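Below is a briefing on one chain and the ligands placed with it. Please look over the sequence and the model before reading the points.

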Amino acid sequence: MTQIGIYGSAGRMGQAIARAIEEAGASVAGGVDAGGDPSALAKTADVLVDFSVPSALVGNLGAAVAAGKPIVIGATGLGPDDHQTIDDAARHVAVLQTGNTSLGVTLLAALVRQAAERLGADWDIELVEMHHRHKVDAPSGTALLLGQAAAAGRGVDLASVSDSGRDGITGKREPGHIGFAALRGGSVAGDHMVIFAGEGERIELGHRAESREIFARGAVKAALWLADKPAGRYRMEDVLGL
Ligand SMILES: NC(=O)C1=CN([C@@H]2O[C@H](COP(=O)(O)OP(=O)(O)OC[C@H]3O[C@@H](n4cnc5c(N)ncnc54)[C@H](OP(=O)(O)O)[C@@H]3O)[C@@H](O)[C@H]2O)C=CC1
Ligand SMILES: O=C(O)C1=N[C@H](C(=O)O)C[C@H](O)C1
């Protein structure tokens, strides 16, 4: 039976993942939260999942590499340095990083990329997301993932066209920019809408998570898939065969 270790185990996702592990017929190797030792868990688990906080990433990845264990990184709010750390770790162990482990969002990203590829640059792309009142990062990891899919469809680098902080006298919309808006409130598990706004018409491609169980099931599926993979950086598309 595959033993899955959880970084961020007492959190909303950590608890949902523990339930999903039991449902999948695997077992929980243990959990670590703030102040805990990531190394002991890495030694006992077959595979690890990290749904904690970005500041724990270096320690969690270091523990996974030292123990030679694959790891799924689901925590969001990651910056360029974090992605470099993930690339470095992926030279030693299998690492799958994604802002969203659901089947629906993984498919949506492919549709967004295709739409961005086919629609001309005169179609403005805007992303709107809404999450529960406890979420601490914005834009969401999913919004960034979808923005990256749109940018890839257009053959541009998201960092050079991203527009996420409109407030006050912003001036006109920059042609080619990809805009982000983040709403927070209540218990919303995660809503994302990608809007392609043309002259006189709009296309809206979206996803609504009805509970975080979909993320938890996807995370466990990814962990079980990753458990026997060689070193490298993997994506949810690889797990789902999309
Ligand atoms: N990729 C995906 O599909 C999804 C990703 N997420 C992401 O997962 C992350 C967690 O979300 P959520 O469960 O709602 O958040 P929570 O705040 O409920 O949980 C985070 C957990 O991490 C713990 N933690 C804090 N510091 C450390 C540390 N150094 N080492 C290990 N654990 C630590 C916290 O412990 P304490 O409370 O003691 O500080 C807490 O138990 C977020 O980044 C969120 O965006 C969420 C849903 C889906
Ligand atoms: O914090 C959350 O809850 C979620 N975080 C992820 C994100 O930042 O996109 C995934 C999902 O939307 C829920």
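**His131 and its surroundings**

Leaving aside neighbours within four places in sequence, His131 is in contact with Ser140, Arg184, Val188 and Gly190, where contact means that the C-beta atoms of two residues, placed from the backbone, lie within 7 Å. This is a predicted model, in which local features need pLDDT of at least 70, side-chain atom pairs count only at pLDDT 80 or more, and totals for chains, interfaces and linings use all residues. Residues are numbered from 1 along each chain as its sequence is written, while chains are lettered from A and ligands numbered from 1 in the order in which they are written.

**Active-site annotation**

- In an unreviewed entry, UniProt places the feature "active site" at His131 and Lys135; such positions are given in the numbering used here, feature names are shortened, and annotations may be inferred rather than shown by experiment.
- His131 is found in strand β6, and Lys135 is in the loop between β6 and α6. Helices (H or I, at least four residues) and strands (E, at least two) are DSSP runs, numbered from the N terminus.
- His131 is buried, with 24 other C-beta atoms within 10 Å. Lys135 counts as partly exposed, with 18 C-beta neighbours inside 10 Å. A residue is buried if 20 or more other C-beta atoms, placed from the backbone, lie within 10 Å of its own, exposed if 12 or fewer, and partly exposed in between.
- The loop between β6 (124-131) and α6 (141-154) also holds Pro139. The peptide bond from Ala138 to Pro139 is cis, with omega near -10°. Most peptide bonds are trans.

**Ligands**

- Ligand 2 is surrounded by Thr76, Gly99, Asn100, His131, Lys135, Ser140, Gly141, Thr142 and Gly190. A residue is near a molecule if its C-beta atom, placed from the backbone, lies within 6 Å of it.
- The shell around ligand 2 has no nonpolar, 8 polar and 1 charged residues. Ala, Val, Leu, Ile, Met, Phe, Trp, Tyr, Cys and Pro count as nonpolar, Asp, Glu, Lys and Arg as charged, and the others, Gly among them, as polar.
- Around ligand 1 there are 26 residues, and the closest are Gly8, Gly11, Met13, Ser52 and Ala56.
- By class, the ligand 1 shell has 10 nonpolar, 13 polar and 3 charged residues. Helix α1 (residues 12-23) gives the largest share of this shell, 3 residues.

**Domains**

- The domain assignment, which is automatic or from a database, gives domain 1 (3-97 + 213-240) and domain 2 (103-209).
- The contact between them takes 7 residues from domain 1 and 7 residues from domain 2. On the domain 1 side, α8 (213-226) and α9 (236-240) each supply at least two residues, and the largest share, 3 residues, comes from α9.
- UniProt, in an unreviewed entry, lists residues 3-100 for "domain: Dihydrodipicolinate reductase N-terminal". That span is 41% helix and 22% strand, and its end C-alpha atoms lie 22 Å apart.

**Whole chain**

- The secondary structure of the chain comes to 9 helices and 11 strands.
- The radius of gyration of the chain is 18 Å, close to the 18 Å that the globule rule gives for 242 residues, so the chain is as compact as a globular protein of that length. The radius is taken over C-alpha atoms, and the rule is 2.2 Å times the number of residues to the power 0.38.
- Of the 242 residues, 39% count as buried.
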